[in-house]
Amino acid sequence: AARKQASKRRRKAEVAGEQIPPLLIASITSQCNLHCAGCYSRCNHATVDAAAVAQLTSEEWLRIFEEADDLGISFILLAGGEPMLRRDIIEAAGQKPNLLFPIFTNGTLMDERYFDLFDKRRNLIPIMSIEGEKEITDARRASGIYDPLIAHMDELPKRGLFFGASATVNKVNLKEVCSP
């Protein structure tokens, strides 16, 4: 029902000559806890180890989420850096049940509090970054990343929670990603 209402708001805006997209990408932090090989964001110096001074507060992001909802946006993809470093913003997103928030994450910061939050706020959906099997994922992300990532991917459906996966396909992992 909420998506139908959002679609109606977008159609109404279109009649008035405005284009409102159904999807917004929000980079909620420039900070990341990993140094993945080939990270475009680190190469462009957009991602850093320490939080930048000029980051928006959770209140400012909540206002953006509210305005997006009012405009008719249905999905806000939360990205970073590593968005799960900003639990305050993810909790704020959970307060907007009309919006669906895919959260593109490296999955390393999953903990019991996040599992509980995802259970209470079903509009928050983690999208876990994985490169293929253990050797390739650990080579790109960092040694020891694969096993806890898989454990989290196993735990989410045990709790009845949805999640997605994201792979950066390249010549190193193409055969593995596209294999049965």
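Contact here means heavy atoms within 4.5 Å. The model is a predicted one, in which local features need pLDDT of at least 70 and side-chain atom pairs count only at pLDDT 80 or more, while totals for chains, interfaces and linings use all residues. Residues are numbered from 1 along each chain as its sequence is written, and side-chain values use heavy atoms, with hydrogens and water left out.

**View 1. Contacts along the protein chain.** Among contacts between residues at least 6 apart in sequence, 69% join residues at least 24 apart. Buried residues, meaning those under 20% relative accessible area with a 1.4 Å probe and protein chains only, make up 45% of the 180 residues in the protein chain.

**View 2. Helices and strands of the protein chain.** The protein chain has 8 helices and 5 strands, these being DSSP runs numbered from the N terminus (helices H or I, at least four residues; strands E, at least two). Read along the sequence, their pattern is α-β-α-α-β-α-β-α-β-α-α-β-α.

**View 3. The loop that holds N106.** N106 lies in the loop between β3 (101-105) and α5 (112-120), and this residue counts as buried because its relative accessibility is 4%.

**View 4. The surroundings of N106.** The side chains of N106 and T108 are joined by a polar contact of 2.6 Å, where a polar contact is a pair of N or O atoms within 3.5 Å and, within protein, one must be able to donate a hydrogen and the other to accept it, with residues adjacent in sequence counting only if both atoms are side-chain atoms. Leaving aside neighbours within four places in sequence, N106 is in contact with C32, N33, L34, E82, S129 and L149.

Terms used
Buried < 20%, exposed > 50% of the residue type's maximum accessible area, 1.4 Å probe, protein only.
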